[in-house]
Amino acid sequence: MGAERMLLTELLDQLDYECLQGAMDRDVSAVVYDSRKVIKECLFLCIPGANFDGHTFAVQAAEQGAGQLGDLVGHGSGEQHGLLPVGQ
C-alpha cells in the first residue's frame, strides 16, 4: 500500500508563504529536511541548522527528484516563507 499523497496547497493551507515560481496544485509525496532522504516529488525544506544549512543542498535535492523546495528562514520570526516548485 502506497503512502498517502497530498496537494501542496492543502499541506500549506494554514501557513503564510509566497509561491516564488510554478503551480501550487502539485502532489507532495513526503516532507523532508535531510537531503539524504529526498524522494521523488517530495517537499524539501531548506532549514538552517547548527552544523549545516539546508539551502546548501537545495540543488542536490532538486536533482534527486524533489518536486518543490521550501525556505524556512523566516520560521518563528513572523516573516513570510518562500516556496519554489521545481522539475515542472
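Buried means a relative accessible area under 20%, exposed means over 50%, and partly exposed covers what lies in between, as computed with a 1.4 Å probe on protein chains only. The structure is a predicted model, in which local features need pLDDT of at least 70 and side-chain atom pairs count only at pLDDT 80 or more, while totals for chains, interfaces and linings use all residues. Residues are numbered from 1 along each chain as its sequence is written, and side-chain values use heavy atoms, with hydrogens and water left out.

**Salt bridges**

- With a salt bridge taken as a side-chain nitrogen of Lys or Arg within 4 Å of a carboxyl oxygen of Asp or Glu, the count comes to 3 salt bridges.
- Arg5 pairs with Asp27 at 3.8 Å, N to O, and this pair links distant parts of the chain, since Arg5 lies in the segment before strand E1 (6-7) and Asp27 in strand E3, 22 residues apart.
- Strands (E, at least two residues) and helices (H or I, at least four) are DSSP runs numbered from the N terminus.
- Arg5 also forms a salt bridge with Glu41, whose closest N and O atoms are 2.1 Å apart; Glu41 sits in the loop between strand E4 (31-32) and strand E5 (43-46), 36 residues from Arg5.
- Arg5 is partly exposed at a relative accessible area of 39%, as are Asp27 at 38% and Glu41 at 30%.
- Arg36 and Asp34 meet through their side chains in a salt bridge of 2.8 Å, N to O, in which Arg36 is exposed at 72% relative accessible area, whereas Asp34 counts as buried at 18%.
- Salt bridges that share partners join Arg5, Asp27 and Glu41 into one network.

**A buried arginine without a salt bridge**

- Which side chain of opposite charge is nearest to the buried Arg26? That side chain is Glu41, 6.6 Å away, and Arg26 has no salt bridge, where Lys and Arg count as positive, Asp and Glu count as negative, and His and the chain ends are not counted.
- Arg26 belongs to the loop between strand E2 (17-19) and strand E3 (27-28), and a polar atom of its side chain lies 3.5 Å from the backbone oxygen of Gly67.

**Aromatic pair**

- Rings of Phe, Tyr and Trp (its six-membered ring) pair if their centres lie within 6.5 Å, with planes under 30 degrees apart counted as stacked, over 60 as edge-to-face and the rest as tilted; by this rule the count comes to 1 aromatic pair.
- Phe52 and Phe57 form this edge-to-face pair, at 6.2 Å centre to centre and 65° between the planes.
- Phe52 counts as exposed at 60% relative accessibility, whereas Phe57 is partly exposed at 24%.

**Nonpolar cores**

- A nonpolar core is a set of buried Ala, Val, Leu, Ile, Met, Phe, Trp, Tyr and Cys residues joined through side-chain atoms within 4.5 Å, and the largest has 9 residues, among them Val32, Val38, Cys42 and Ala61.
- Ala58, one of the core residues, touches Phe44, Cys46 and Leu69 when residues up to four places away in sequence are not counted, contact meaning heavy atoms within 4.5 Å.
- A second, separate core of 6 residues includes Leu8, Leu12, Met24 and Val28.

Terms used: Polar contact = N/O pair within 3.5 Å; in protein donor to acceptor, adjacent residues only side chain to side chain.
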